[in-house]
Amino acid sequence: MLTFAAMSRANKYVCIHGHFYQPPRENAWLETIEQQASARPYHDWNERINFECYAPNAAARILDEKGWIVKIRNNYNRISWNFGPTLLSWLEENDPDAYMLLQAADKRSQERFGGHGSAMAQVHSHLILPLCNYRDKVTQVAWGIRDFEHRFGRMPEGMWLAETAANTETLEVLAAQGIKFTVLAPRQAKAVRRLNAATKDGQAEWIPVNSETVDTRRPYWCLLPSGQRIALFFYHGGVAQEVAFNGLLNSGKGFARRMTSLFSDNNEPEMAHIATDGESYGHHHRYGEMALADALNQIEDQNLATLTNYGQYLELYPPTWEVQIHENSSWSCVHGVERWRSNCGCNAGTAGWHQRWRKPLRDALDWLRDQLAPMFERESERFLRDPWMARNDYIEVMLDRSEESVAAFLKKHTGRELSPLETVSVLRLLEIQRFAVLMYTSCGWFFDEISGLETNQILQYALRAMDYTYDVAGVDLRPEFTRRLSEAPSNVFPNGAESFLANVVPTRVTLERVAMHFAVASLFEEDPGSLNLFNYTAIVEFFERIEAGTPQFAAGRLRIRSVLSHAEKTFCFAVLYMGQQHIIGNISSTMTRSTYEEMFVKSSKAIKDAHIGEVIGHLQQYFGPEKFSLSSIFADEKRKIISDITENSLGAAASSFRTVFNENYQLMSALEEAKMPLPDTWRNIASFVLNVDLLDFFESFDAGDVRTLRRIADDLQRWGVKLSDEPAVLHAVEERVYHELEKINIDASSIPRVRWLVEVLGIVDNMGLKPRVWRSQNQFYLLTKGYRKGLWVFINADWQAAFEQLSERLKVRLK
């Protein structure tokens, strides 16, 4: 017979939800994230946070009492979670392994939780839905559902609302599209009452509640005016705050105890649950993913409660209470949704700054939206059966830009076959509406200043919509939009319009600028035809590059095509490189083929004859005075080219430094033995050489001689040289160790590589460096999984000793 305590625990459940999301960071024309210096040594913040959080949660380490890894678990199997669609798109392209582990986790959670997957959908572009018009609400939910189906192969049961922002109309839209539940903050609950309670008039009285008094351990029905209903879960705000801000993730066991302390001492079904930003588990709190894994293990192994997700709990224990919500409320603004439309006082904490710009910004975007909508209807009714239905279905093209996908979409939504120019017009019209939705992404208002990156991002979307409007309808909305932005005060610029003109307009990419980029980059690429042009393609009709010592000359004729709108244009170009950063380029979209050939014959002869002045004269004669330079190309390629030029220019200096270092090495050693001070000049030279050598050791193609690393480490210590870029060194160590581990096979041939890793990790540890080697630990854990299960054994003592030494360095239990 079960004791009362055992019976009560049988009805107690725990659910931990992670909201994983990053603001859009891509260039709105190229739709790729350009390098972000603040994320170094990673390329951008998505890459950095993925390494610290998203990927580690798919392979979280569980430690024994001595800090050794004994298990690796996919946290996503056992928690509830949602990922923003834009973040999932980034993961799919940039870390397909982590992306596939998410998909696998949703399938595994269906097996664990009675057919209910733990993945929730999200409103597509993270808009504050209560501030959207009805049409945009419908589109956001429709896009979110379809994106989820595309990635996880099933209809979502629940949907995460951006910032949990909700009102009745938002809930109506969710319910109308088949969403069964969502999760809200406790302060969003206004009043509750028991369903079917016996009273004199047949209905129980509403009981007012607040964030402290609402019972978060049960679900509630929200009965909607339309007759529909949706289940609402209100997470426990206190524990969520402790996870996010108060150090609860310092101990997995403490986390487990805190979650299960929420239960009452009765036999009633209860679910203790929280929701936080998923980035708490590894990015905001280092090793947070391990604390989460440990907490989940404690709850399961100690039988403290049953892990579940929202879908399963809703099926097991349908709501017996109903709830009213506070209209226009959210989890991150105590004033409701004012953070996204007024100077309410909620901000990121920059002292002395106001947010009076929020209302004028929203007003300007609302004005733009209301100009774009009738234009969209008017221009698209010639082609589309139902323009707004086509917009909702446009997610199919957003997910698959192939020619076949576009053709299938147009066949479904147009009444006839379109000409190529008509196809361009239709796609531009739909892109206008895509950008008209994206420009409301919540991050644009969340932070403190209108000139910040997040606000610049949404204004890029607005500019794209206006540019396409001018192309399609000949209507220029940009002057009036800019005037309206001038009414938004800034903490940095005179007003929002000045920031827009300085920070947003220069990021615009046209077909001509893409051609300019190709022209400059072609000077430095072995195969210019393989250049990645992101949202554009280049069809090269003719290209030739001529080298004449340092100077180079390249010319060509090519057609640039937009992947989004299928618009295309042909350009002729010629570009002259004169050394270092000195580049002169010319381009024309009107030059005839015969004129181009005449220009090329004259210019190529002049460059071969080393008559640079004549080349410049010919270019001016045929192209005119307008020129472009290195500044015309995309940011990442520009950095790459400048880096290559700088490295080449520094080559002679680096060689000289190394000569001085080698020739004076013995003398420097003698000074050190005599305890005499090392001249600052020599110390600086030693610092340069040793730092370069250390990075080269880990970044070289092949594993280097360990004696070289030991010598570098000894010299760094001997002469008190500090690392000039420790984050870059740590990143290089992490990558090298992981890639060497990937090459290990389960046979004796890998013994030298295993020993190399043991020695290298030992030297790195003695240097006081603490690389994040979780990927290497996971790789070694998987590599030796068969040994732990008794499926294979070491064939000799040397092999076993090498693996045991590596397991000690990585702190991974072999048995």
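Strand 1 (residues 12-20) is largely enclosed by the rest of the structure, because 9 of its 9 residues are buried. The model is a predicted one. In a regular strand, side chains alternate between the two faces of the sheet. Here K12, V14, I16, G18 and F20 point one way from strand 1, while Y13, C15, H17 and H19 point the other way, and all are buried.

**Strands paired with strand 1**

Strand 1 runs parallel to strand 12 (residues 270-277), and 8 bridges join them. Within strand 12, H273 is the bridge partner of C15. Strand 4 (residues 80-83) also pairs with strand 1 in the parallel sense, over 4 bridges, and its N82 stands opposite H19. Strand 13 (residues 306-307) is joined to strand 1 by 2 bridges, again in parallel; there T306 stands opposite Y13.

**Aromatic pairs**

The whole structure contains 49 aromatic pairs. One of them, Y42 with F51, is tilted, with 5.5 Å centre to centre and 35° between the planes. Both Y42 and F51 are buried.

W160 and W331 form an edge-to-face pair, at 5.2 Å centre to centre and 70° between the planes. This pair links distant parts of the chain, 171 residues apart: W160 is in strand 6 (residues 159-160), and W331 is in the loop between strand 14 (321-325) and helix 11 (358-380). W160 and W331 are both buried.

**A cluster and two charges over rings**

F20, Y54, Y76, W81, F83, F148 and F152 make up one aromatic cluster. Elsewhere, R135 lies over the face of W388, 3.8 Å from the ring centre. R478 lies over the face of Y470, at 5.0 Å from the ring centre.

Technical notes. Residues numbered from 1 in each chain as written. Predicted model: local features only at pLDDT ≥ 70, side-chain atom pairs only at ≥ 80, totals over all residues. Heavy atoms only, no water. Buried < 20%, exposed > 50% of the residue type's maximum accessible area, 1.4 Å probe, protein only. Pairing = 2+ DSSP bridges. Phe/Tyr/Trp six-rings, centres within 6.5 Å; stacked < 30°, edge-to-face > 60°. Lys NZ or Arg CZ within 6 Å of the ring centre and 35° of its normal.
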